[in-house]
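Subject: Structure handover

Hello,

Here is the structure I said I would pass on. Please open it first, then read the notes below.

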Amino acid sequence: MSGTIEFLARRGLFLFDPETAHGLSIKALKSGLVPGSAAPADPRLEQTLAGLTFPNPIGMAAGYDKNAEVPETLLRLGFGFTEIGTVTPRPQAGNEKPRIFRLVEDQAVINRLGFNNEGHGAALARLKACSRDALIGVNIGANKDSADRVADYVSGIRTFYAVARYLTANISSPNTPGLRDLQGRESLAVLLSAVLAARDEEAKKSGRRVPVFLKIAPDLTEEGMDDIAAEVLAHDLDGLIVSNTTLAREGLKDQRQAREAGGLSGKPLFEKSTAVLARMRKRVGPELPIIGVGGVSSAETAAEKIRAGADLVQLYSCMVYQGPCLPSRIVRGLSALCDRERLTSIREIRDSRLDYWAGRKV
């Protein structure tokens, strides 16, 4: 897709409210109107983590393809992997509209969607039709009115085990009341024990071990990070995703939209999420895989996440402003970085600015 066509398509979507535009973008991907734009394969960007081989480190974050409508099409845009969801056991409508807000001056988005999705059954049916080779993760959550949220996560593990390449327990959305309480140490210990026990049971039955990741918030205290790290290291978790959206509003230009309730994502989240990423890397050590999310808008910001301790990187909100060619541009930019720095693997830069980011006050 040429830059001009991409620009015009984006301008056209901006004529609609954000949620309508989101729906139209899904329809465009389904229809084939958005051509694939994957960058050439580069072995320097490939790496194996948690038993999975990722062709490049750039992934689509959960939140865009909630109902598994276009995962394979997203991979053709240049992503090395994609994550559908968040999916809850039962369908739910989410919060009242309007619930997505563009902060154009800040290249940011605020959402208070509230896990709106069609439920396990609809997503499962679509994923069964996907290639087993497609690197598709499933992000699972709990229904807002659930009487047993831990049981909802266990249900997600069991439901999607046969079709997911990895599973993510999302306990960090700010838009489901009380959900972030699961990040507390005692609650997290109960959740991880139950989820991983279900995973191990499914692994024994199927002969296939599916990695399980945990997605955490950027709005954590130092004590909160200590507690999460302790529980992660005490359980057989396969990795962390750092981080979800933030409730913070510092430094925004659009003060009118900033007053909207919900989680903030996009460029303003970059520094906060990267600092939390580095601090968690310090706490969990060098071996545990970490996926860095938040404010990734270029090859350089993706590389900086890796320098701060990430193995892989996900994005979503910055595509709202930069269009569907963004993942391909980032992948090409990372290949160019490998050329400039004479790297044999992008992994060589990991942790090179760990101390800097861990020390940032944000």
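How much accessible surface does the protein chain have, and what percentage of that surface belongs to carbon and sulfur atoms? The surface comes to about 14500 Å², and carbon and sulfur atoms account for 53% of it. Please keep in mind that this is a predicted model.

Overall fold

The protein chain contains 13 helices and 13 strands. Its radius of gyration is 19 Å, close to the 21 Å that the globule rule gives for 362 residues, so the chain is as compact as a globular protein of that length. The C-alpha trace spans about 50 × 45 × 45 Å along its principal axes. Of the 362 residues, 60% count as buried. If you take the contacts between residues at least 6 apart in sequence, 74% of them join residues at least 24 apart.

Aromatic pairs

There are seven aromatic pairs in the structure. One of them is formed by tyrosine 64 and tyrosine 316; it is edge-to-face, with 5.5 Å from centre to centre and 70 degrees between the planes. This pair links distant parts of the chain, as the two residues are 252 residues apart. You will find tyrosine 64 in the loop between β3 (58-60) and α3 (71-75), and tyrosine 316 in the loop between β13 (312-315) and α11 (317-322). Tyrosine 64 has a relative accessible area of 8%, so it is buried. Tyrosine 316, at 24%, is partly exposed.

A further pair is made by tyrosine 356 and tryptophan 357. Their ring centres are 5.3 Å apart and their planes stand at 85 degrees; planes over 60 degrees apart count as edge-to-face, so this pair is edge-to-face. Here tyrosine 356 is partly exposed, with a relative accessible area of 39%, while tryptophan 357 is buried, with 4%.

There is also an aromatic cluster, formed by Phe54, Phe81, Tyr166 and Phe213.

Charges over rings

Which residue has its charged end over the ring of tyrosine 356? That is arginine 353, whose charged end sits 4.2 Å from the ring centre. Elsewhere on the list, arginine 208 lies over the face of tyrosine 161, at 6.0 Å from the ring centre.

Regards

Terms used
Residues numbered from 1 in each chain as written. Predicted model: local features only at pLDDT ≥ 70, side-chain atom pairs only at ≥ 80, totals over all residues. Heavy atoms only, no water. Phe/Tyr/Trp six-rings, centres within 6.5 Å; stacked < 30°, edge-to-face > 60°. Helix = DSSP H or I, 4+ residues; strand = E, 2+ residues; numbered from the N terminus. Buried < 20%, exposed > 50% of the residue type's maximum accessible area, 1.4 Å probe, protein only. Lys NZ or Arg CZ within 6 Å of the ring centre and 35° of its normal. Rg over C-alpha atoms; globule rule 2.2 N^0.38 Å. Contact = heavy atoms within 4.5 Å. Areas by Shrake-Rupley, 256 points an atom, 1.4 Å probe, with all protein chains shown as cover.
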